[in-house]
Amino acid sequence: MVELMNRLKVVLMFFASIMIQTAILPNFSIFNSKANMSIALVVAIAMNFGSYVSGYCGIVLGFFEDILFSRVIGIRALIYYMIGFIVGYSEDSINKGDIRSGSIITIVATLFYWIMNTIIYMFLENSSVNVLIKYLKGPIVIELILNVLLYLVCNYALKKVFKKRKFRF
């Protein structure tokens, strides 16, 4: 029963993330950069639950986003899976309780997402490298800050929703 409730909580967090991603975050564009709550949620899940759970969560969340937003299905799912699995796999070498570790990982994951997404679309659409260089010079810094703030919110929500049981003697 507890396992079913935990899965239901994760599914509800996915739907809340997708709703916020589609309804609220597009209205907050700062210098042509928009926050990505999915990256923050996948990193927070990876920091708290490990590689397999976060990898599968990344695939599901990525497919939902691909179906809703993308012309090609599977690109975001692949990238979110890679982010979730790599961050979750290295959870033993990361201080999970420290917010700074998660913030740095969110910055790296955002850069990884944007570079991989741009490279894949460069091959699919025959676009130039100038788009990547232009974006890396300016708006990416604001997107990194926004994603770190969203990570802090997601991590706080995960810690509140999935409370660890304390053993008392």
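Arg 76 and Glu 65 form a salt bridge, with 3.2 Å between their closest N and O atoms; the term denotes a side-chain nitrogen of Lys or Arg within 4 Å of a carboxyl oxygen of Asp or Glu. Because Arg 76 belongs to helix α4 and Glu 65 to helix α3, the pair ties together parts that are 11 residues apart in sequence. Side chains of opposite charge can pair when their charged atoms come close. A search of the whole structure finds one salt bridge.

The structure is a predicted model, in which local features need pLDDT of at least 70 and side-chain atom pairs count only at pLDDT 80 or more, while totals for chains, interfaces and linings use all residues. Residues are numbered from 1 along each chain as its sequence is written, and side-chain values use heavy atoms, with hydrogens and water left out.

Of the 169 residues in the chain, 43% are buried. Among contacts (heavy atoms within 4.5 Å) with a separation of 6 or more, 72% are between residues 24 or more positions apart.

Axes are lines fitted to C-alpha atoms, for helices over the stretch in contact, and angles run from 0 to 180 degrees between N-to-C directions. The contact of α3 with α4 has 12 nonpolar, seven polar and three charged residues. In this classification Ala, Val, Leu, Ile, Met, Phe, Trp, Tyr, Cys and Pro are nonpolar, Asp, Glu, Lys and Arg are charged, and the others, Gly among them, are polar.

The axes of α4 and α5 come within 10 Å and cross at roughly 150 degrees, and these helices are therefore also roughly antiparallel to each other. Residues of α4 in the contact include Arg 76, Ile 79 and Ile 83, and those of α5 include Phe 112, Met 116 and Ile 120. By class, the contact of α4 with α5 has 14 nonpolar, one polar and one charged residues.

Helix α5 (residues 99-125) also packs against helix α7 (residues 139-161), at an angle of about 135 degrees and with the axes 9 Å apart; the pair is therefore oblique. Among the residues that meet are Thr 106, Leu 111 and Trp 114 in α5 and Leu 144, Asn 147 and Tyr 151 in α7. The residues of this contact divide into nine nonpolar, five polar and one charged.

Asn 155 is likewise placed in α7 and is buried, with a relative accessible area of 7%. Leaving aside neighbours within four places in sequence, Asn 155 is in contact with Ala 44 and Asn 48. The C-alpha atoms of Asn 155 and Asn 48 are separated by 8.4 Å, although the two residues are 107 residues apart along the chain.

Terms used
Helix = DSSP H or I, 4+ residues; strand = E, 2+ residues; numbered from the N terminus. Parallel < 35°, antiparallel > 145°, perpendicular 65-115°, else oblique. Buried < 20%, exposed > 50% of the residue type's maximum accessible area, 1.4 Å probe, protein only.
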